[in-house]
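Hi everyone, thanks for coming. Let me put the structure up and then walk you through it.

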Amino acid sequence: MPDGQTLQVGFETQGQNVIVSPQGEIGYSEATVFRTWLRKAHDSKSPRIIVDLAKVDYMNTPGVATLVESLQISKRNKTRLILCGMNEKVFAIFKIARLDTVFEICPTLTDANAKP
Amino acid sequence: MTSPDDMKGAHVRMELLSSPIYTSGARDFVQAVTRRLGFAELDCNQIALAVDEALCNIMRHGYENKPDQPIWLAVWPVEAAGEANGIQIVIEDLARQIEPAMIKGRELHDVKPGGLGVHVIKEVMDKVTYEKRPEGGMRLTMIKHQRPAPADGSVQDRCEGGKGCHA
């Protein structure tokens with residue numbers, strides 16, 4: 001049976017930043033693929049990982065859990081994880097889970113890049 | 001596989017296999033129905049999210065990722081004084097039974113992956129009940145009432161037959 005997952009993930013290094021740009025939905029099926037790309041970002045040892053969610057239409061808690069796991073790795077590695085570009089629907093789940101204050105969140109990728 | 005007897009009065013019933021492929025279809029269906037029932041757009045999104053989380057939990061924990069097990073979903077409008085003012089959604093399965101009291105979301109101050117789905121369901125819906133089905137498996141009943149219209153009569157967040165709504 002096909003797994004039905006349609007997530008595509010962009011991965012780019014810009015100076016000290018690694019930018020991970022998922023595109024599509026991040027649900028139960030896609031969380032594993034997303035986690036693989038986030039792990040790759042951590043393995044790069046870049047001091048700052050930016051996850052650009054501008055092209056993510058929908059996310060549920062398995063997707064959020066991969067980001068929580070990634071945040072824990074960042075804290076352990078003393079690196080930064082910045083989320084940006086969330087639409088209202090995606091941001092709502094962070095609010096419901098009260099994670100909107102736990103993550104460093106920027107409105108856009110430009111804002112995330114401009115962060116000191 | 002026939003659907004459970006207690007779902008026979010439902011306005012809509014759906015049977016799906018426990019494969020993640022089908023969660024988006026169930027979510028879209030619930031979102032479309034809630035829109036037609038007149039829920040505000042934010043509530044349409046969040047009710048669909050609650051259904052998605054419930055299905056994920058059944059697939060992941062109940063059926064332990066087996067993709068070919070049955071799940072039933074049924075929907076009823078909730079009426080008060082002859083008018084629809086909410087929705088009742090029942091989801092049943094044949095997965096392993098657990099004590100309903102054991103189904104809890106994790107403490108939110110404890111930031112760690114996992115355990116968020118139940119919290120989201122309870123936060124989003126007005127009433128959430130887990131039960132063991134006598135014939136095996138679990139039953140989840142969720143009710144959401146529509147919020148009263150704003151006092152100024154504005155309808156900017158309300159879906160009128162899908163017009164102006166964004167999925």
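I'll begin with one cysteine: Cys56(B) is buried, at 3% relative accessibility. Buried here means under 20% relative accessible area, exposed means over 50%, and partly exposed is in between, with a 1.4 Å probe and protein chains only. Another cysteine, Cys44(B), is buried too, with a relative accessible area of 0%. And how many disulfides does the structure hold over all chains? The count is 0, a disulfide being a pair of cysteine sulfur atoms within 2.5 Å.

Before I go on, some housekeeping. This is a predicted model, so local features need pLDDT of at least 70 and side-chain atom pairs count only at pLDDT 80 or more, while totals for chains, interfaces and linings use all residues. Residues are numbered from 1 along each chain as its sequence is written, chains are lettered from A and ligands numbered from 1 in the order in which they are written, and side-chain values use heavy atoms, with hydrogens and water left out.

Leaving aside residues up to four places away in sequence, His61(B) touches Cys56(B) and Arg96(B); contact means heavy atoms within 4.5 Å. You'll find His61(B) in helix α2 of chain B, residues 41-62. Helices (H or I, at least four residues) and strands (E, at least two) are DSSP runs, numbered from the N terminus. His61(B) is partly exposed, with a relative accessible area of 44%. Along the sequence, His61(B) and Arg96(B) sit 35 residues apart, and in space their C-alpha atoms are 8.7 Å apart.

Cys44(B) has a contact to show as well. Thr34(B), in helix α1 of chain B, touches Phe39(B), Cys44(B), Ile47(B) and Ile87(B), again not counting residues up to four places away in sequence. Is Thr34(B) buried or exposed? It's buried, at 0% relative accessible area.

Now let's zoom out to the chains. Chain B has 3 helices and 5 strands, and along the sequence they follow β-α-α-β-β-α-β-β. Of its 167 residues, 47% count as buried. Among contacts in chain B with a separation of 6 or more, 64% come from residues 24 or more positions apart. Chain A has 4 helices and 6 strands, running β-β-α-β-β-α-β-α-β-α from the N terminus on. There, 51% of the 116 residues count as buried.

So how do the two chains meet? The contact takes 28 residues from chain B and 25 residues from chain A. The size of an interface is often given as the accessible area lost when the parts come together. Between chain B and chain A the buried area is about 2200 Å², with carbon and sulfur atoms giving 66% of it; that's accessible area (1.4 Å probe) that two parts lose on being put together, summed over both.

Across this interface the rule finds 2 salt bridges, a salt bridge being a side-chain nitrogen of Lys or Arg within 4 Å of a carboxyl oxygen of Asp or Glu. One of them joins Arg98(A) and Glu123(B), with the closest N and O atoms 3.4 Å apart. On the side of chain B that touches chain A, the elements giving two or more residues are α1 (23-36), α2 and α3 (117-124). Of these, α2(B) gives the most, with 8 residues.
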